[in-house]
Amino acid sequence: MRTGPARPLRRVEARDDGGLDVGSDGGDDWPASIPAVAHLLRHGWDVAAGVTFLVGENGSGKSTIVEALAQLLGAPEGGGTGAHRAGAERERAGDVSDLARRLRVVRGPGGRSREVFFLRAETMHAFVSYLARTVADPAAEEVGPHALHRISHGESFVEMLSGPWVRRAGVLLLDEPEAALSFANCLTLVGALHVMAREGKQVVCATHSPVLTALPGATILQLDDEGLTPVGWEDLRIVHDHRFFLDAPERYLRHVL
């Protein structure tokens, strides 16, 4: 993949104000008790240009890290841009971790002027509802939020990704976008991510998808008990598991049926 040099987000690391206590074994100090989060707090993370995928089991910290990035960069936890913060935050009540207050971001040249857009499958319906309530003139937003409720979840997700917020953004944060997408639309998203990287946008995407992570040139980080580890697509557990399952589903189904 041909990526531009732009890195609006250069590094994420623990704050050095003395208010951080990761603990020796994490303990009950959630989310620092998650190995990948503890690794991030102790060692920091140099964020690559182009597209970075965060891959791991449920509970491995993918969404927690992406959500903290959204907070640090000024986007609401429920999705959108800084312009949507007041309403979108109301859609995301009470279950946000305190990871963002433990971290700081190091921005590249011009990074503060680059808009950030956060899109998460989990809260997109609420975000579209918020837009429909608050956008007096849908045409002013170019993507009519009222119309988004009249198409399927997956179709609205794809429409959102082609909308003005993505076009204007320098940094895009995606949380498990494949949850809303068919196989064909996952491939559409792969193509869109390729174009974003070529345009110099920086993308961080939490995912379980072997389709998305096949994007050539992308950086893949495995989140597991070892922390945050760079890994090749061929070595991903999700790639192995999908291959083995599709080759012989009975290998897995006999354990659950």
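The legends below describe close-up views of a predicted model.

**View 1. An open sheet is built from 3 strands.** The strands follow the order β2-β1-β4, and their pairing is antiparallel. The edges are taken by β2 (45-46) and β4 (103-107). Each of these has a single partner strand, so one side of each is left without a neighbour in the sheet.

**View 2. Strand β1 pairs with β2.** Strand β1 covers residues 9-14 and runs antiparallel to β2, with 2 bridges joining them. Within this pairing, R11 has D46 of β2 as its bridge partner.

**View 3. The largest nonpolar core has 32 residues.** The residues with the most contacts inside this core are V12, W45, L54, I65, L69, L173 and V204. Helix α2 supplies the largest share of the core, 5 residues. In soluble globular proteins, nonpolar side chains tend to be buried together.

**View 4. The surroundings of V12 are shown.** Leaving out residues up to four places away in sequence, V12 touches L40, G44, W45, V47, L69, L103, R104 and V105. Two of the residues it touches, W45 and L69, are also listed with V12 among those with the most contacts inside the largest core.

**View 5. Another nonpolar core lies apart from the largest one.** This other core has 30 residues, including L172, A180, C186 and A218.

Definitions and conventions: Residues are numbered from 1 along each chain as its sequence is written. This is a predicted model: local features need pLDDT of at least 70, side-chain atom pairs count only at pLDDT 80 or more; totals for chains, interfaces and linings use all residues. Side-chain values use heavy atoms; hydrogens and water are left out. Two strands pair if DSSP finds at least two bridges between them. Helices (H or I, at least four residues) and strands (E, at least two) are DSSP runs, numbered from the N terminus. A nonpolar core is a set of buried Ala, Val, Leu, Ile, Met, Phe, Trp, Tyr and Cys residues joined through side-chain atoms within 4.5 Å. Buried means under 20% relative accessible area, exposed over 50%, partly exposed in between (1.4 Å probe, protein chains only). Contact means heavy atoms within 4.5 Å.
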